[in-house]
Amino acid sequence: MDIPGDLRLAATHEWVRINDDGTVTVGITEHAQEQLGDLVFVETPELDAKCEPEQAVAVVESVKAASDLYAPIAGTIIDSNPDLADSPELINDSPYEKGWIFKIQPDDVSDVENLMDPDDYTNMVASGD
Amino acid sequence: MDLKTPLYQSHIDAGAKLVDFYGWQLPIHYGSQIDEHNSVRESAGVFDVSHMTVIDVSGNDAQAWLRGMLTNDVAKLEPMQALYSCLCNEGGGVIDDLIAYKLDDAKFRLIVNAGTREKDIAWLTQHLKGDVKLATPTATAMLAVQGPDAVAKTAEALESMGVDADIQNLKRFFALNVVLEQGQWFIARTGYTGEDGVEIVLPSELAPRLFTALIEKGVKPCGLGARDTLRLEAGMCLYGQDLDESHSPVQSGIGWAVDVQDRERQFIGRDVLYEQKSTGTDVHQVALVLNQRGIMRAGQVVQRSGKDVGTVTSGTFSPTLQKSIALARVNKPVVDGCDVMIRDKPLAAEPVGLPFTKLV
């Protein structure tokens, strides 16, 4: 699966999409879901919570292991995907679309530029994490 | 180590994600371990278990010798019948768990774990006595086909390969031999999933064809991930997690695999085990279910009223129950409930009866 060109990626395998209204949507990459295997529980972040980069804000749990998700940029959590409670496998099947996990109102949307572009992320993964 | 079974290429062709398992390259899954698990519960799945160890025991003293080595009593077996047993040390600790088949009074077949191969062979060899010989066939592969449709679909696959074996009429825990031009097949109505099914030992070079024939009949290839969730749902132990050399079968939920009915039978560990079966043990196995989000995993601490009482030995997410299940070893009764420490938080777990599948 190719990484959509408009996304930016964190080294911890979260992707970020800037929305038209200035908010950002966050999920995990195809590589991450493939490493985790079938997801069974997703603990989405608390709404209205403030978040900082590299702060653990959510948990995805597969049959194999639990994995923390880190906020890619600073801001406020404004939404989380309601479908994940019943269908965590959306993340496995559609990691960049239906499997989005939460949304942030950024303190400064230009912080997204500090993240990797799809090519840099792909190179990072290829070189063995 | 980088051992490959005769089905290595077949796994790759079927889209397997391979992992190392005790030095063997085996599929963890072929796309989704949950789908594979569900296929076994609903229809049929096939597992490559060629890495497991086959030990053939023969000789006029074979039965007497095995009665002295195994906790369960092979004397009660009919020809071609099997039983589950432990191999214990003098202290009653479990060296391995296994299935033993009596082919006849002078010939037995043991199927033991892959990871304990060297240890088991050394132990058995060290204790050989009388007219007994051990052999470990190596030109063989082993497949397990499991599920409500497993026997029917396997029968179709065997027919398509010209193998004439009446597996439909094979009773549970019995085996049959088929001798063909290309070699000998050994088919048993046993399994590690809690479903009906067969386990087949066959010449290595025929394994890829059988694998393909089964898939053509609608059997789903299943990996180690599904194998673990299936066996745990069925309440079956895994050596190295639920069983180890420091604990007895009685302390591990499988005291029933220790047969002390014949008071005259001496076997390694007998005195300790007889004592434990008579008076009971504080340390025992419990089956737990988590009725909230979270997954219990091996190594997590079990608490009762804030005090440590044991450890989870195996834990996972049960696709059939849609919640986490676990086996744990505890030293106090937890009938009224207990907590499992998951990511530093005590989560309430409910003790249940086995198998977990009957809770649906």
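User: How do you know that the confidence in chain B reaches 70 or more?
Analyst: The mean pLDDT of chain B is 97, and 100% of its residues reach 70 or more; pLDDT is the predictor's confidence in each residue, from 0 to 100. This is a predicted model, in which local features need pLDDT of at least 70, side-chain atom pairs count only at pLDDT 80 or more, and totals for chains, interfaces and linings use all residues. Residues are numbered from 1 along each chain as its sequence is written, while chains are lettered from A and ligands numbered from 1 in the order in which they are written. The model scores ipTM 0.78 and pTM 0.92.

User: What makes β4 and β10 of chain B a pair?
Analyst: Two strands pair if DSSP finds at least two bridges between them. Strands (E, at least two residues) and helices (H or I, at least four) are DSSP runs, numbered from the N terminus. Strand β4 (residues 45-48) and strand β10 (residues 140-146) of chain B have four bridges, in the antiparallel sense, so they meet the definition of a pair. Within this pair, Phe47(B) has Ala144(B) of β10(B) as its bridge partner.

User: What about β1 and β3 of chain B: how many bridges do they have?
Analyst: Strand β1 (residues 3-4) and strand β3 (residues 24-29) of chain B have two bridges, in the parallel sense, and at least two are required, so they count as a pair. Lys4(B) has Gln25(B) as its bridge partner in β3(B). Strand β2 (residues 17-21) of chain B also pairs with β3(B), antiparallel and over five bridges.

User: Why are β11 and β14 of chain B said to stand at the edges?
Analyst: The open sheet has six strands in the order β11-β12-β13-β10-β4-β14 (chain B), with mixed pairing. Both β11 (175-180) and β14 (220-221) of chain B have a single partner strand, so one side of each is left without a neighbour in the sheet.

User: Which residues count as being in contact between chain A and chain B?
Analyst: Residues are in contact if their C-beta atoms, placed from the backbone, lie within 7 Å. Eight residues of chain A are in contact with eleven residues of chain B. Strand β4 (residues 39-43) of chain A gives the most to the side of chain A that touches chain B, with three residues.

User: Where does chain B divide into domains?
Analyst: Domain 1 covers 1-281 and domain 2 covers 282-359 of chain B; these bounds come from an automatic or database domain assignment. The contact between them takes 19 residues from domain 1 and 19 residues from domain 2 of chain B.

Note on methods. Contact = placed C-beta atoms within 7 Å.
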